[in-house]
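Subject: Handover of a structure and its findings

Dear colleague,

Please find below the sequence and the structure that I am handing over to you. My notes on the findings follow directly after them.

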Amino acid sequence: MKKFENEPKEEQRAPIGLDSSSTEIVSSSGDSIDSTVSTTEAVPANAEEPVLTDAGIAQDSTRELETPVAPDQDGETSEDDGPAEESSENDDLAENSSIVPEEQAIDREDEIFNDVEIEEDEDATAVRGWRSFTRAQIWTAVAFGAVILLGVVLRFWNLGIKPLHHDESLHAYFAMVLLHNNVDNWSTCFATAAASCYRYDPLTHGPFQFHIIALVYQISQWLGAPDHGINTTTVRIAAATFGSAIVALPFFLRDYLGKMGAWLSCFLLAISPGLVYYSRFAREDIYMACFTLLTVVATARYVRDRKPGWLITAALAFTFSYATKESTFLVIGIFGSFLGALLAWELGVRWLLGPRTPEPLTLAQSDTEEATEQDASLLAASTAAEHVAAKKTKRRFWPRTAAPWVVLIYFIVIGVIAKWFLGVVGNLSRYVTANTTNTNHANAVVAQLKQVTQMILPWLGILLVILIVYLLLRDQFATPKEGRHGIAKRIDPEKQPLLDTIFTMPWTHWFFAVVLSWFVFMLLFTVLFTNIATGIGDGIWQGLYYWLQQQQVARGGQPWFYYLLLIPLYEQIGVVFGLAGVIYALVRPTRLRLFLVYWFVGNLVIYTWAGEKMPWLMIHITMPLMILAAIALQPAASSIWYAIKQRFVTTSAVSIEKDETRDPVTTDVVVPVVTEEIPIIPSMPPVPASTAPVVAPTPRRRSPRLSLVASILIAVSALLLLLPTLQNMYQVSFVHEADAPHEMMIYVQTSTDINVVMDKIQQVDQKLYHGSHAVPIGVTNDTTWPFAWYLRDYTNVCFNYPTGCQSTASTYPIILGSGDGELASMQQQFAQTYQYHQYHLRTQWDQGYMLPLCVKSATNACTTPQPYIGVGPGLWLSYGDNPPKGAQFNLLRAASNIWQWWWERKSFGATDGSYDMGLFINNQTSSNSGVKP
């Protein structure tokens, strides 16, 4: 069996050996708006999570419920049963209690996919009898299943159509090394740690992708796939699978986003040009994106459900992300800082800044001594309404708790720390890469850190065992304490859900999460336990060290506005409605909405700041943006869907009893029980209804027709923006998938010319060597990738030609070379003995949008390297890379050029950017085989 060697990638190096919310009408201040509801009504299934209100309290509408949550409208209590909508929304309901059903559907997480049935008749029971699924559950499954299937088809259709990218060839090759050496010859790698065995090297990123691709290879071999299960398609199967999983994950956020919001999230993730293209691309970024979103989903589910499986899933997802790419350090910074802000909020929410109850109003100052009892009642009601309005107005501009101030102090402190930390990182990065002496010193320090880590870990394991034994003995012999105790006793689970989760978490939950995560870490970084001695230290320190070094490399050489240009060119519906979703999330905040905004903005800032800017990193920015776009679209979609149901659903399908207990705002959302009547003004006796007609401001009414028209306009706008988005997705993924000069998203993609070259090599081998893959081939160093992958079955290949085979170099019938200077030299050297043809090895998008040549001045020393020189984004969009002298940015020309690129793929600038290769075939070989280069 042929041995496949493993060597860390050094750019172009050959391997060694080859050389809804609740409708409870209660304001956030506790003012009862409508308590005349039936005690048989239930909490809506897809109510939203608690909200950070302006009153400084994380409100949860279930606080007002004394009775257990009733089953949802599907007939069973599902995971969609969550806290009701935020208090700020309840204030709006209090002010607009007469809003008609179409308007209310905008702000409520309705049972969008449900054919609502209040009373189950025989027909409904018959439907339920089919495997105990209700009609609502079936329609929900069909709706989500269809959009997930769409995402799967877009990712798997014709998956192997384009050649392997330079980086894909590396990942595909070393996964093959892992399979043939670390798996098939596990005992050899375990005993000798041979150089031919795969070892983790951060230069090719984390070990997960190599293990998962190798697993796909193995399964494909068992199933009898072509080329022994190793081909261009099987290389990408894992990426397409995890890309499809991203589409499905919002399904588990239905009780946070509402069913319509979750469905829209799935749809936008399914058709996103960036996510579709890079789900069909065997790079590590799509795996990391999937694990990042899975971490978010599983954490949200655990905080709500407290099921250990979700905590274990979150821990494993984070571990897999860490074992996939070093960018996980950035995720730690973003997620960790938001977690700290949330904890700061929950700590400050218990500190009240004002009196607990407002001062009671009296009529002492009013001139009512000679007034009748009725006049006094009218004045009291009027004063009550004015007091409520004044209190709400004051609360909007001044928090009742210290939570906002604590969060502000937190961000000030963490901002100072972050600035200091980034300065230290920058200095270290510059020091490490300054010269060879510094690099050698840094290497020695890192090696020492690895040794110390390997010495400490066994003792940490012993301490963990002691801790577990203690916990087991405590649980076995200690008397169980009833109720809450310790720190948990001081925590309000409704106002401080995150703190409550942390301090009431059973130790078994975090124990199994930690143990399983550590096992996965060991399994991957030691490469199936074949490199235990150094694998652990490498996994902890080597990735961080590599990331530190890369900050000065600035691979890609892109300007700071790179993603601000790239993403809008492709993601029209995501950008427009994503930004609208940011505004909506800030105006109507919940914890998840604020997190999505923080996640999106954090990724945009960090990836813009980071030295390395590549197009595949855009998916980390667009993924939260798509969910925010779904949040912005959800109200309009819900309103339209509600209107359609009201217009077309027959009474036999929807049985609604219109009685007095139904919420007057909407007819298909169940109202939760308010078990306790709260007076409008504390300490003020209620006025008898018989003598006190209500005098209060008339609530503002909104026209249902106007609301529906607005929703339709939003939907039409979304469809118009969806069209270019779908066009871009289709063009980049299925038409120009290997045509970098016409697609900015494609970066130095391997040209389809490589298929032409491989066909000619195969023809020579077939005619002269009977298809035994024995034809001698010389490959120069710059041509190693992707040819190390494409020539994997050829047994007589000289990599690093001619140095790698000096004694026989002149006898090789086929030579592959690349590089502008090298090609010219080789062509001159072999002009008499070889026939030659030049092909494109890689092509690239025009770089005219780059900044112009820096001109030194008193304020700008021009110290930043400029690998590419352009005319600037404005002129480039208007005139391409060769604008006329004195030209200025022209909005109309830029819009016209963008339009032509969207629909005709007419490039903005030149399309001749390429990195070429040459195929040399010996004259005699060409004559004997009849194959010309």
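In strands β7 and β8 (residues 914–922), the pairing is antiparallel and extends over nine bridges. Please keep in mind throughout that this is a predicted model.

The sheet

Two residue pairs illustrate the pairing of β7 with β8. Tyr839 has Met917 in β8 as its bridge partner, and Arg842 stands opposite Tyr915 in β8. Strand β7 (residues 834–843) is also joined to strand β3 (residues 749–750), by two bridges, and these two strands run antiparallel. Here Gln749 is found opposite Thr843 in β7.

Is Ser818 buried or exposed? Its relative accessibility is 0%, and Ser818 therefore counts as buried, the cut-off being under 20%. Two polar partners can be named for its side chain. The side chains of Ser818 and Thr783 are joined by a polar contact of 2.9 Å, and a polar atom of the Ser818 side chain lies 3.2 Å from the backbone oxygen of Asp782. When residues up to four places away in sequence are not counted, Ser818 touches Thr780, Asp782, Thr783, Leu823, Leu841, Tyr915, Asp916 and Met917.

The next residue is Tyr812, located in the loop between β5 and β6. Tyr812 has a relative accessible area of 8% and is buried. Tyr812 and Ile777 are 35 residues apart along the chain, yet their C-alpha atoms are separated by 6.0 Å. Not counting residues up to four places away in sequence, Tyr812 touches Pro776, Ile777, Gly778, Asn796, Cys798, Tyr801, Cys805 and Tyr834.

The helix packing

Two packed helices are described by the angle between their axes and by the distance between those axes.

Helix α14 (residues 328–348) packs with helix α18 (residues 497–504) at an angle of about 100°, and their axes are 8 Å apart. That angle makes α14 roughly perpendicular to α18. On the α14 side, the contact is made by Leu339, Leu342, Leu343, Glu346 and Leu347, and on the α18 side by Pro497, Leu498, Leu499 and Ile502. By type, the residues of this contact are eight nonpolar, no polar and one charged.

For helix α8 (residues 232–248) and helix α10 (residues 259–271), the packing angle is about 150° and the axes are 7 Å apart. The two helices are therefore roughly antiparallel to each other. Ile246, Val247 and Ala248 of α8 make the contact with Cys266, Leu269 and Ala270 of α10. These residues divide into six nonpolar, no polar and no charged.

The axes of helix α22 (residues 572–587) and helix α25 (residues 704–735) cross at roughly 140° and come within 7 Å. In α22, the residues Gln572, Ile573, Val576 and Phe577 take part, and they meet Ile714, Ser717, Ala718, Leu721, Leu722, Pro724, Thr725 and Asn728 in α25. Which kinds of residue make up the contact of α22 with α25? Eight are nonpolar, four are polar and none is charged.

A residue within a helix

Finally, I draw your attention to Thr295 in helix α12 (residues 285–305). Thr295 is buried, with a relative accessible area of 13%. Its side chain reaches the backbone oxygen of Phe291 at 2.7 Å. Apart from its neighbours within four places in sequence, Thr295 is in contact with Ala314, Ala317 and Phe318.

Yours sincerely,

A colleague

Terms used: Residues are numbered from 1 along each chain as its sequence is written. This is a predicted model: local features need pLDDT of at least 70, side-chain atom pairs count only at pLDDT 80 or more; totals for chains, interfaces and linings use all residues. Side-chain values use heavy atoms; hydrogens and water are left out. Buried means under 20% relative accessible area, exposed over 50%, partly exposed in between (1.4 Å probe, protein chains only). A polar contact is a pair of N or O atoms within 3.5 Å; within protein, one must be able to donate a hydrogen and the other to accept it, and residues adjacent in sequence count only if both atoms are side-chain atoms. Contact means heavy atoms within 4.5 Å. Axes are lines fitted to C-alpha atoms, for helices over the stretch in contact, and angles run from 0 to 180 degrees between N-to-C directions. Helices (H or I, at least four residues) and strands (E, at least two) are DSSP runs, numbered from the N terminus. Angles under 35 degrees count as roughly parallel, over 145 as roughly antiparallel, 65 to 115 as roughly perpendicular and the rest as oblique. Ala, Val, Leu, Ile, Met, Phe, Trp, Tyr, Cys and Pro count as nonpolar, Asp, Glu, Lys and Arg as charged, and the others, Gly among them, as polar. Two strands pair if DSSP finds at least two bridges between them.
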